[in-house]
Amino acid sequence: MKILKNIAIGLVALATLSACGSDYLDTEYTRYLGEEEAASAAAQNPDVFLNGMWSWMVRYEGRHDSYGIFTIFMDTQVMGQDIAFQTSSWYNFDYQLDYRDEPYVRTSSFWTTLYTLIAKANEIISLYPNGAETVSEKGLLGQAYAIRGMSYYYLIQIYQDYLNADGSINRAAPGVPIIYNNVDGKTEEEMDKAKGRNTVGDVLDEAQSNLEKSVEYLGAGYERPSKNYIDVHVANGLLARFYLLTQQWQKAADAAKAARSGYTLMDNEGLHAGFNSVDNVEWMWGFHHTTETITSYASLFSHLASSGPGYGRNYPFLIDAQLYSEIPESDYRKSLFNGPQGDPSQPTTGGRRPYANQKFLYNADWLCDYMYMRAAEMVLIEAEAYAHLNNGNKAAQVLGELMAKRQPDWSKDLVTVEDVYKQRRIELWGEGFTYFDLKRLNKGIDRSYSGSNHNYKLVVPAHDVKWTFQLPRSEMQENTHIDASEQNK
């Protein structure tokens, strides 16, 4: 794989990645660090190594619809039902489910983003062939394993229709390459073979192993300096997402509960604060933007904030009219969106449109933080897991914790998977879960209903080829371990 060749060279490059002003690593000196010295340097100043990953996750790729890992979440969520457009936008082809073929920039961008994160994680993991000893080392390794595991489970969801028609996981289906390093205990032959299309089962097993190691390492006393970093709560949250994906229901419930331990669900005031600050009590993991990291028009909030100065002022993200109609008037979240009459008090054309979202608000000077995980999602995972276990009473009890903060008159003694799914659609709207939920729950979309506010009305059933991205053309051309016949349809 071209983007992953010569990973060892990254040990030199990492020394230049610090964004914290630390002078522990002198650039000229560290050009000649051996593995032992590099491991020591990483343990004493992990920021130098971790900031390379965090920066990559928010990088600007030269297009105004490309701003790091959230690009994946944005591009895929408009493929679903819950976001509607009535104007042209940067996401026209995504919205039409017509951007998944091998020559297109979308599949190349997703692939490069996730495999580069894997490469950066591998650079850190390879520093410790004998494992971590100190809390600092364990903190560094734990975060690297978390990123590597997370990247693999996103790759499987994007590049394979991984479910059978009955909803079970097709572990034998072709997956994606696994990039091992010298620490993973594989022979040269095994490492080479893994650069082809491993099975879905193999890739999921690798993701699980990484995420479970992450929880183990980060649970050994590591304390992160800010929410930019991954701690044991976030690691448990990533593991909860994985267990939900792989239908390990009790493990999903347990990991989600552990993840949100100590966090408070936001109240109505926090709900309407704009979803733009890591200081929100509910945010577990995010990226705090500064004047040095903002990308202004080429950013998440440029598109999502309908009443800001970005693209959303003319090309707003709207909530699906059918979903809006299903939100009770007593639910605080309904006021995060304009109703069918629009809102003439808003300052922009986009912000005044019917069904325009007011959930994501522009902050001064583009200083809007990116959210990767929050506690409400963990409540929803726990509740859904119990619903899958046919314990609707427990699911209702758990979901009730969230609903008490969202719809005070909500009262149910029993909830189903569909009940929880509807709350996921409302609660997590615009946060990047739509596509992944549709695929794991075996669902399609129908935007052609009477009264639809979608300007592109289409019906796409579950398992349609449109849901699965093809491997990038560059990968098909350059990876000698993948034959042309192995391309997704």
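1. Contact is taken here to mean heavy atoms within 4.5 Å. The model under review is a predicted one. On that basis, and with neighbours within four places in sequence left aside, Y263 is in contact with R224, H233, V281, E282, W283, M284 and A375.

2. Y263 is placed in the loop between helix 12 (249-260) and helix 13 (268-271). Its side chain makes a polar contact with the side chain of R224, at 3.0 Å. With buried meaning under 20% relative accessible area and exposed meaning over 50%, Y263 counts as partly exposed because its relative accessibility is 21%. Y263 and A383, 120 residues apart in sequence, are 17 Å apart in space from C-alpha to C-alpha.

3. Among the residues in contact with Y263 is E282, which also forms a salt bridge with R374; the closest N and O atoms are 2.5 Å apart. E282 lies in the loop between helix 13 and strand 2 (283-287), whereas R374 belongs to strand 4, so the pair ties together parts that are 92 residues apart in sequence. Both E282 and R374 are buried.

4. R374 has a further partner to be noted: it forms a salt bridge with E427, and here the closest N and O atoms are 2.8 Å apart. This pair likewise links distant parts of the chain, with R374 in strand 4 and E427 in helix 19 (residues 417-427), 53 residues apart. E427 is buried, as is R374.

5. The structure holds 29 salt bridges. One of them joins K412 to D419, with the closest N and O atoms 3.7 Å apart. K412 is partly exposed, at a relative accessible area of 39%, and D419 is partly exposed as well, at 24%. Elsewhere, salt bridges that share partners join E282, D331, R333, K359, R374, R406, E427 and E431 into one network.

6. Most residues other than glycine have a negative phi. W366, however, has a positive phi, near 65°. W366 is found in the loop between helix 16 (349-352) and strand 4 (370-374), and it counts as buried because its relative accessible area is 14%.

7. H463 also has a positive phi, near 75°, and is a residue other than glycine. H463 sits in the loop between strand 6 (459-460) and helix 21 (473-478). Is H463 buried or partly exposed? At 31% relative accessibility, H463 counts as partly exposed.

8. The largest nonpolar core has 150 residues, of which W54 and W285 touch the most other members. Helix 8 (residues 135-159) supplies the largest share of this core, namely 14 residues.

9. Helix 7 (residues 105-125) contains 21 residues and reaches 30 Å from its first C-alpha to its last, close to the 30 Å expected at 1.5 Å a residue. How many of the 21 residues of helix 7 are buried? The number is 18, and helix 7 is accordingly described as mostly covered.

Notes. Residues are numbered from 1 along each chain as its sequence is written. This is a predicted model: local features need pLDDT of at least 70, side-chain atom pairs count only at pLDDT 80 or more; totals for chains, interfaces and linings use all residues. Side-chain values use heavy atoms; hydrogens and water are left out. Helices (H or I, at least four residues) and strands (E, at least two) are DSSP runs, numbered from the N terminus. Buried means under 20% relative accessible area, exposed over 50%, partly exposed in between (1.4 Å probe, protein chains only). A polar contact is a pair of N or O atoms within 3.5 Å; within protein, one must be able to donate a hydrogen and the other to accept it, and residues adjacent in sequence count only if both atoms are side-chain atoms. A nonpolar core is a set of buried Ala, Val, Leu, Ile, Met, Phe, Trp, Tyr and Cys residues joined through side-chain atoms within 4.5 Å. The expected span of a helix is 1.5 Å times one less than its number of residues. A salt bridge is a side-chain nitrogen of Lys or Arg within 4 Å of a carboxyl oxygen of Asp or Glu.
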